[in-house]
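These are notes for a first reading of the structure shown below. Please keep it open while going through the points.

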Amino acid sequence: MTDDREPTMTGYDQARWIDGDEPRYEPLLSEKDETTVEVGGDDGPLPDDLTRDDLTLPELSEPELARHYTRLSQMNYGIESGPYPLGSCTMKYNPKFTEDVAALPGAAVHPDRPDGTLQGTLELMAHLQDYLARIGGMDEVSLQPPAGAAGEFVGILVAKAYHEHNDEGHRSEVIVPDSAHGTNFATAALAGYDVIEVPSAEDGRVDLDALEAAASEDTAAFMLTNPNTLGLFERNIEAVAEIVHGVGGLLYYDGANLNALLGRARPGDMGFDVMHYNVHKTFATPHGGGGPGAGPVGVVEKLAPFLPAPRVRERDDGFERFDPEYTIGKVHGFEGNWLVLVKAFAYIARLGDDGLRDASAKAVLNANYLAERIGYEVPHGPFHHEFVASAGDQDAADVAKRMLDYGVHPPTTKWPDIVSEALMTEPTEIESRDSLDDLAAAFEAVREEDDETLAAAPDRTTARRIDQTEAARNPRLSWHDLAD
Amino acid sequence: MSFNIPDDRRYLESHEWTEERDGTVRVGITDFAQDELGDVVFVELPDIGDDLDAEAAFGVVESIKAVSDLYAPIGGEVTAINETLFDAPELVNDDPYGEGWMIELDADGSLDDLLTPEEYEEQIE
């Protein structure tokens with residue numbers, strides 16, 4: 001039997017692009033002339049005091065190296081070790097098939113080529129823009145921002161460009177509720193706005209009277225996440241939108257908690273004008289650690305001309321990149337963190353409408369089940385994807401340290417400060433009932449313990465209590481410091 | 001728990017103390033404030049020569065638990081800052097009314113409207 005298909009790209013094929021009419025190839029490593037990279041010497045590009053002739057590298061056998069990395073992995077605790085209910089962070093397992101898709105040779109083509117040679121890439125981007133727009137109830141989406149916080153900043157810059165375009169550049173204030181994520185305050189300040197903080201009402205939601213008092217013709221935007229940081233749906237969202245729009249402001253949706261609404265409610269339908277998507281939280285792309293992320297931004301029609309460039313659209317003869325009319329410009333190299341976007345696309349395509357609805361249902365069910373199972377006081381509720389318990393007379397930070405001893409990751413502690421000694425807990429949809437029961441048992445064991453035990457925790461972990469004060473006052477930032 | 005509230009100073013609701021010293025006014029944070037904050041790990045102060053408005057934020061104090069703004073008790077020009085705190089922020093915890101002082105001001109008003117020690121003590125009770 002013969003295979004008469006065209007040969008496909010495999011592994012590490014040469015990158016190729018078209019320069020005029022000529023195809024050009026990136027040379028293979030073996031073809032590169034080693035002498036082209038010179039260091040030191042009279043003609044070298046580096047000054048003498050930055051070069052050296054000798055280099056002491058550790059000499060290790062393969063087994064030694066393998067043991068070193070295995071030991072490091074055993075000292076660590078991650079989502080593949082056990083439950084990780086770090087509230088607000090949405091620590092979800094990243095399905096391995098998304099890595100497989102991102103590792104396909106066709107997924108990693110160089111973007112600096114004519115649109116005609118990138119049709120597959122552009123088609124995927126166009127579809128992802130469309131998926132995200134439909135999920136958020138937005139009209140148009142930019143995939144470019146490289147992280148959630150970057151998306152937030154871009155969203156507010158787009159709002160600012162819109163106001164300035166309409167001769168409303170005098171709007172100088174962004175309103176943020178006291179329960180908001182810290183990035184909201186930072187985003188507004190970085191974009192040049194004065195930040196107006198409004199307190200939450202008794203029920204943990206936006207205080208409409210306070211919002212009404214804060215809103216004015218100086219209001220550029222109100223930033224909100226829904227469900228909010230306490231895991232509560234902002235029931236008055238339509239009234240909130242009316243107040244903000246009534247003074248000519250825009251309503252910004254922080255997509256951090258969109259995983260609670262997937263397939264069930266859409267920010268656009270609630271009156272939001274601009275939003276960012278945290279693809280690592282709402283879907284499942286690798287998370288945190290300063291690595292590549294993605295924070296696409298969605299907008300309603302009237303803001304679309306201001307989105308970052310380039311965007312992707314479909315034409316009769318295929319897909320093309322284009323610059324929106326009044327674009328704020330580029331905010332990242334090429335098309336953003338492309339492989340992260342591929343993983344988000346793969347996740348959405350694999351789950352489909354039913355799968356996404358199922359994910360949000362389980363996220364909400366799991367949070368409420370766990371909230372019922374623990375003995376700590378849990379004010380407010382019922383909840384969406386997360387809840388905030390109170391450690392009461394115990395110190396929430398000590399509770400967290402002690403939970404490590406029971407083999408689970410603790411919740412986020414001491415925030416938001418509208419609940420005292422907060423234990424902000426988000427199990428996510430990935431945990432089974434057994435796993436939630438284990439988690440509840442850990443909470444319960446710690447709740448019964450005395451302050452002395454808590455203050456001495458953890459005592460069963462690889463690293464004991466870290467001296468935070470010493471670490472902050474005298475940080476060791478290099479291995480050289482360890483020698484002292 | 002009782003906190004040290006020296007008689008020779010005036011106080012702010014936001015837990016700063018002020019002390020008149022030969023025509024200048026020295027400012028720091030109170031014993032209560034340093035206790036609430038916990039271990040202070042970083043202090044940010046204005047530059048000498050900066051003009052401060054009364055009640056405006058003039059700096060930041062950061063502990064392992066929280067980050068707080070510092071508020072000027074009174075308007076005036078900054079004539080001195082305690083640079084020692086940049087390398088030894090623990091002085092704010094160890095000696096809040098002495099070595100842990102933060103700035104000195106050429107004040108353009110009187111301290112009389114600020115809280116007396118008795119009034120401040122009532123506030124933190």
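1. Burial is a matter of counting. A residue is buried if 20 or more other C-beta atoms lie within 10 Å of its own, exposed if 12 or fewer, and partly exposed in between, with C-beta atoms placed from the backbone. Asp94(B) has 12 C-beta neighbours inside 10 Å and therefore counts as exposed.

2. The model is predicted: local features need pLDDT of at least 70, side-chain atom pairs count only at pLDDT 80 or more, and totals for chains, interfaces and linings use all residues. Residues are numbered from 1 along each chain as its sequence is written, while chains are lettered from A and ligands numbered from 1 in the order in which they are written.

3. Helices (H or I, at least four residues) and strands (E, at least two) are DSSP runs, numbered from the N terminus. By that count chain B has four helices and nine strands. Read from the N terminus, the order in chain B is β-β-β-α-β-β-β-β-β-α-α-β-α. The radius of gyration of chain B is 13 Å, close to the 14 Å of the globule rule for 125 residues, so chain B is as compact as a globular protein of that length. That radius is taken over C-alpha atoms, and the rule is 2.2 Å times the number of residues to the power 0.38. Along the principal axes, the C-alpha atoms of chain B fill a box of roughly 35 × 35 × 20 Å.

4. Of the 125 residues in chain B, 38% are buried. Two residues are in contact if their C-beta atoms, placed from the backbone, lie within 7 Å. Among the contacts in chain B with a separation of 6 or more, 64% are between residues 24 or more positions apart. Asp94(B) belongs to helix H3 (residues 91–94) of chain B.

5. Two strands pair if DSSP finds at least two bridges between them. In chain B, strand E6 (residues 57–63) and strand E7 (residues 67–71) pair in the antiparallel sense over five bridges. These two strands, E6(B) and E7(B), form a hairpin with three residues between them. Within the pairing, Glu62(B) stands opposite Val67(B) in E7(B).

6. How many residues of chain B are in contact with chain A? Five residues of chain B touch four residues of chain A. The chain B side of this contact has three nonpolar, no polar and two charged residues. Here Ala, Val, Leu, Ile, Met, Phe, Trp, Tyr, Cys and Pro count as nonpolar, Asp, Glu, Lys and Arg as charged, and the others, Gly among them, as polar.

7. Chain A has 14 helices and 14 strands. Of its 484 residues, 40% count as buried. An open sheet in chain A has seven strands in the order E3-E9-E8-E7-E6-E4-E5, with mixed pairing. Its edge strands are E3 (140–142) and E5 (194–198) of chain A, each pairing on one side only. Strand E7(A) and strand E8 (residues 274–276) of chain A pair in the parallel sense over two bridges, and Tyr252(A) stands opposite Val274(A) in E8(A).

8. Helix H7 (residues 237–246) of chain A has the buried residues Ile237(A), Val240(A), Ile243(A) and Val244(A). Seen down the axis of H7(A), these fall within an arc of 120°, so they line one face of the helix. The arc is that of the directions from the helix axis to the C-beta atoms. An α-helix has 3.6 residues a turn, so residues three or four places apart point the same way. On the face of H7(A) turned away from the buried side are the exposed residues Glu238(A) and Gly246(A). The cover over the buried residues of H7(A) includes helix H6 (208–214) and strand E6 (219–224) of chain A. Gly248(A), which follows H7(A), has a positive phi near 85°.

9. Helix H5 (residues 182–190) of chain A can be read likewise. Its buried residues are Thr183(A), Asn184(A), Thr187(A) and Ala188(A). Down the axis of H5(A) they fall within an arc of 130°, so they line one face of the helix. They pack against helix H4 (148–165), strand E4 (173–177), E5 and E6 of chain A. After H5(A) comes Gly192(A), with a positive phi near 95°.
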